[in-house]
Amino acid sequence: MAKDENLTIADIVNKAKMYLSDDDIDLIQHAFDYANEAHHDQFRKSGEPYIIHPVQVAGILTDLEMDAETIAGGFLHDVVEDTDVTLEKLEEEFNHEVAMLVDGVTKLGKIRYETKEAQQAENHRKMFVAMAKDIRVILIKLADRLHNMRTLKHLSAEKQRRISNETLEIFAPLAHRLGISKIKWELEDTALRYLNPQQYYRIVQLMKQKREERESYIEEVIGGLTEELKEVNIEAEMSGRPKHLYSIYQKMVKQNKQFNEIYDLLAVRIIVESIKDCYAVLGIIHTHWKPMPGRFKDYIAMPKQNLYQSLHTTVIGPKGDPLEVQIRTKEMHEIAEFGIAAHWAYKEGKQVKTGKQSFEEKLTWFREILDWQNDTHDAEEFIESLKIDLFSDMVYVFTPKGEVVELPSGSIPLDFAYKIHTEIGNKTIGAKINGKMEPLDYKLQNGDIVEVMTSKHSYGPSQDWLKMTQTSQAKGKIKQFFKKQRREENVLKGKEAVDKEIRALNIEPKEVLVADNLQRVFDKFNFTNEEDMYAAVGYQGITAALIATRLTEKIRQTRQKEQDLASTIEEVKTDNAPKRSHKKDSGVKVEGVDNLLVRLAKCCNPVPGDEILGYITKGRGVSVHRSDCPNVQTEEARERYLHVEWEDGNTDKKHYHVDIQITGYDRRGLLNEVLQAVNEMKTNIILVNGKSDRNKMAIIQITILIHNTNHLRKIVERIKQIRDVYTVTRTVQ
């Protein structure tokens, strides 16, 4: 995939001509022309024409040899979100398939949410549900994210970190789950570059220093193996396997190892013609070099759920160093690199068969997403469940017949039972692990043989099972059981709980249980009627407090507004008051209002030199905020603005609190150097907080006393001079 140079439409067409028909090429060209016209007056943060981005996305999809509709979707993936083109126009201009793919990757732009997190969760939910209907949606999204990561340098540091975190949490694990290692590794390495640049460039430098030695060693190994394989007439392609930066970093962090302690930097990949040759080569290698105990894995006999197949072994190489070897066929290698894309043969109008099962049948996990989403009414809960089920470490266990079942790490026999069949889960009364009875909350281990004990006289799952199980699939099926078996009971229980929560807010239920209020809740949580809502509360599908909060939202806002306005009228009586300035020790003067308390807002801590505004509060006079403070930017807040300004004269005699946040590489002594730098500026420190995240990124928050913005600027510049400090920002609470 081209990383350094931008592809052109001609490059994409030439590559696509190698495997697509003339009609397909016409569709791709038309999609480019349409996108080019739609984005003609738009530019990226880099200053480049916006069309460069969809062209690169389409190029990545062409490298994966995707079908014409997917590549067209790559060209068009942003037209609905960023231009005035509608889905209806798109379907009319192209076809339903292309419009559906574009809709799957289009964010929910017209709906307002309380938080950015809720908005993002809803966007992810929409994307995953679309993916469950057509997997090509996620391939377009992965290509989109890959190009965005390649061009992340043009965004602010805060956005770089946010997008990189999201990439590591959602998109790289998803690429892994789909078996597309080519995209997965690049996403992870690029994200590491922005999340922990210090470690990223350190590893790059260490890799460069050892490159010649490593390459010489690998050449010696390959030379010896080539002679061995010639003697038994096995044709093979051999190469050094590149070790990716993020995997090295993960081992350094998780296993607390130094770079020189990571022994699988030396690795060889051998590609042969047949499965028989794979095992023959393995035998030669184990005869030639001594294998390391516990380091052999047979993913040919037991493929991963993303269809990855290969033999892995680690041996003591010719110089006494550990050497990792991977052995696979050409077909296995293509699947390892391109995963799902290597199987999805839309261009032939049919699915590729893998053994006796179709590819889609093997990847059943993404079809289960639709079931989960139907039982989960909160988008953020849905995404968290998805992370656990799809992106956590996996455990592999066996049925008594020897079939392999893959489950998230931490799963229990109940998760296993529901994975096999809903009725087996509902009738479970016990479990044997490796022939021995174990409790239902036993944590399954790799290699366990699990036998579920059932009884037709079982009364079904208990509410405790919802807390015990790990997988969303199991939780969803348990909730479904309660929903069906005890609907009337759940409706009554749910109504009582909701009414109780509403009264706890000093509101009578009949005031809010009206049609428009209920409809807003139905739309938000995917209910069809009032009974469904109460039933969901009854079987713990959603909390009564959340329903009550939504139902009473409008009436609570109205009451609060009335109380605030009444307080304001009582506080500020300017009609008969003399117009004069009122000064307080805050160093701020208020024009036109007398006898009011003036205080500096603690959320943004304004200091002389900042642009400020006054805000009439309820019962606490005038609160002075920075004009860019997000806490006073609502329409309601603007109605309470008051003109204020800093006092004239020397502000050096007064002190003002300021909160600043410093981020940098978490090394020993960083905090001490920051505190020493502040002390050098003869500045008092009021409060210090520090923490480190999983990427070795230190976040230091300090509150200091300063005179004005010039004083603050000098302190910030001094802190920025400290080694390993990346950003210094002023924060708002």
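1. Ground rules. The model is predicted: local features need pLDDT of at least 70, side-chain atom pairs count only at pLDDT 80 or more, and totals for chains, interfaces and linings use all residues. Residues are numbered from 1 along each chain as its sequence is written, and side-chain values use heavy atoms, with hydrogens and water left out.

2. The four-stranded sheet. Four strands form an open sheet with mixed pairing, in the order β16-β18-β17-β19. The edges are β16 (598-600) and β19 (641-642), each with a single partner strand, so one side of each has no neighbour in the sheet. Strands here are DSSP runs of E, at least two residues; helices are runs of H or I, at least four residues; both are numbered from the N terminus. Two strands pair if DSSP finds at least two bridges between them.

3. Strand β17 (residues 612-616) and strand β18 (residues 622-626) run antiparallel, joined by five bridges. I616 has V622 in β18 as its bridge partner.

4. The cysteines. How many disulfides does the structure hold? The count is zero. A disulfide is a covalent bond between the sulfur atoms of two cysteines. The cut-off used is a pair of cysteine sulfur atoms within 2.5 Å. For C604, the closest cysteine sulfur is in C629, at 3.8 Å, too far for a bond. For C629, the closest is in C603, at 3.6 Å, and this is also too far for a bond.

5. Burial of the cysteines. Buried means under 20% relative accessible area, exposed over 50%, and partly exposed in between (1.4 Å probe, protein chains only). C629 is buried, at 0%. C604 is buried with a relative accessible area of 2%. C603 is buried too, at 14%. C603 sits in the loop between β16 and β17. Its C-alpha is 8.5 Å from that of T731, although 128 residues separate C603 and T731 in sequence.

6. The three-stranded sheet. Three strands form an open, antiparallel sheet in the order β12-β11-β13. Here β12 (436-438) and β13 (450-454) stand at the edges, each with a single partner strand, so one side of each lacks a neighbour in the sheet. Neighbouring strands are turned by 35° against each other on average, direction ignored. For such angles, axes are lines fitted to C-alpha atoms, for helices over the stretch in contact, and angles run from 0 to 180 degrees between N-to-C directions.

7. Strand β11 (residues 428-433) pairs with β13 over five bridges, in the antiparallel sense. I433 has V450 in β13 as its bridge partner. Helix α19 (residues 413-420) lies across β11 and β13 and runs at about 105° to β11. Contact means heavy atoms within 4.5 Å.

8. The hairpin. Strands β9 and β10 form a hairpin with five residues between them. G402 in the turn has a positive phi of about 90°. Strand β9 (residues 394-398) runs antiparallel to β10, with five bridges joining them. F398 has V404 in β10 as its bridge partner. Is strand β10 (residues 404-408) mostly covered or uncovered? Mostly covered: four of its five residues are buried.

9. The α9/α11 helix pair. The axes of helix α9 (residues 136-150) and helix α11 (residues 181-195) come within 10 Å and cross at roughly 35°. The crossing is left-handed, meaning that the near helix is turned anticlockwise from the far one by less than a right angle; clockwise would be right-handed. From α9, the contact uses L142, R145, L146, M149 and R150; from α11, it uses I183, E186, L187, T190, A191 and Y194. Of these contact residues, seven are nonpolar, one is polar and three are charged. Ala, Val, Leu, Ile, Met, Phe, Trp, Tyr, Cys and Pro count as nonpolar, Asp, Glu, Lys and Arg as charged, and the others, Gly among them, as polar.

10. Two asparagines to check by eye. Most residues other than glycine have a negative phi. N233 has a positive phi of about 60°. N233 lies in the loop between α12 (197-231) and β1 (236-240), and is exposed at 72% relative accessibility. N506 also has a positive phi of about 60°. Its loop runs between α23 (487-504) and α24 (509-512). N506 is exposed, with a relative accessible area of 64%.
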